[in-house]
Amino acid sequence: MRVVGVTEFGGPEALDVVEAPEQHAGPGEVRISVRAATVNPTDTFTRNGARAEQLSQEPPPYVPGMDAAGVIDEIGEGVTGFATGDHVMAIVIPHGSHGAYADGLVVQAESVTHVPAGTDDVAASTLPMNGLTARLALDRLDLSPGSTLAVTGAAGAFGGYAIQLAKADGLRVVADASEQDTELVKQLGADIVVPRGEDVADRFREAVPEGVDGVADGAVLNERVVPAIRDGGGIATVRGFSTEAERGITYHPVWIYHYRNEQAKLDRLRQQVEQGAVTLRVARTFPATQASDAHRVLEDGGTRGRLVLEFPA
């Protein structure tokens with residue numbers, strides 16, 4: 001089995017193809033012959049050493065990757081609903097040498113669902129982590145239909161899914177965007193688009209003077225966006241931010257591992273793609289052997305949609 005990871009932390013050049021022991025599906029698990037793995041900003045933390053302390057008890061290589069899609073080639077005892085040869089997508093919680101940047105991947109069956117009909121593995125691989133994170137954020141905020149949600153980082157993967165899922169939930173959405181991304185964010189479904197920036201809370205308040213009911217903070221603005229929220233509202237934060245409550249505002253740190261085995265929610269995302277409510281956005285693909293190039297492009301910024309590594313069949 002081949003994985004793409006690091007034996008020493010560093011820049012994009014630290015990523016390399018490494019041979020690893022073959023794995024087999026145990027009870028409740030499936031093995032996926034990976035065709036595509038999405039590159040996300042969180043993957044750089046595994047590569048650059050930001051998670052060195054968490055990984056200190058694990059031997060290298062350290063393999064990033066939280067989304068994969070491919071073909072099931074082995075099914076463990078007790079697993080139903082799948083057959084070998086099925087094209088599936090999976091949410092992956094990387095740890096040590098277990099990550100999505102691998103040509104073979106064993107995961108719990110509850111972390112897997114079928115690739116949306118009419119969609120290939122590359123596009124499907126962009127959905128699980130960011131889609132489930134957006135779903136979790138909205139579930140934690142628990143806004144009633146007709147409520148107003150503000151989305152920061154709206155042109156990004158999490159932000160785009162948050163907009164589309166919020167609209168499917170019957171929410172009104174006000175979102176931020178740069179000038180070049182305004183039309184994209186409107187197409188994703190935002191009712192109101194305001195200029196992004198450090199003062200975006202003021203822009204949200206101008207658009208919604210009474211304050212928004214909740215914020216899905218994909219831009220990691222944290223306390224800087226709190227003034228946009230009405231008294232008693234809520235904010236979903238994606239990097240664990242929380243602080244002392246003020247004005248009755250509730251903080252909801254969103255950790256994707258809480259939804260790692262929420263197969264029904266992942267499958268609902270599949271259905272929403274098939275229904276046209278959720279859009280998959282691929283920016284560019286790279287052979288898995290060029291993962292370092294993908295990380296360079298990601299860290300250069302400005303990518304809209306996801307970068308995807310492709311593994312040979």
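How many of the five residues of strand β15 are buried? Four of them are, so β15, residues 306-310, is largely enclosed by the rest of the structure. Buried here means under 20% relative accessible area, exposed means over 50%, and partly exposed lies in between, with a 1.4 Å probe and protein chains only. Strands (E, at least two residues) and helices (H or I, at least four) are DSSP runs, numbered from the N terminus.

A word on the model. It is predicted: local features need pLDDT of at least 70, side-chain atom pairs count only at pLDDT 80 or more, and totals for chains, interfaces and linings use all residues. Residues are numbered from 1 along each chain as its sequence is written, and side-chain values use heavy atoms, leaving out hydrogens and water.

Back to β15. Which strands pair with it? Pairing requires at least two DSSP bridges between two strands. Strand β3, residues 29-39, runs antiparallel to β15, with four bridges. One partner pair is A36 and E310. Strand β14, residues 282-287, runs parallel to β15, with five bridges. There, V282 partners R306.

Next, the core. A nonpolar core is a set of buried Ala, Val, Leu, Ile, Met, Phe, Trp, Tyr and Cys residues joined through side-chain atoms within 4.5 Å. The largest one has 42 residues. L127, L149, V151, I163, A175 and V185 have the most contacts inside it. Elements giving two or more residues to this core include β5 (87-91), β8 (148-152) and α5 (157-168). The largest share, seven residues, comes from α4.

Now the backbone. P60 and P61 are joined by a cis peptide bond, with omega about 10°. P61 sits in the loop between α2 (52-55) and β4 (67-75). Two residues other than glycine have positive phi. N222 has phi near 55°. Its loop runs between β11 (212-217) and β12 (229-237). N222 is buried, at 14% relative accessible area. R247 also has phi near 55°. R247 lies in the loop between β12 and β13. At 32% relative accessibility, R247 counts as partly exposed.

Last stop: Y257. Y257 is in the loop between β13 (250-253) and α8 (263-274). Is Y257 buried or partly exposed? Partly exposed, with a relative accessible area of 39%.
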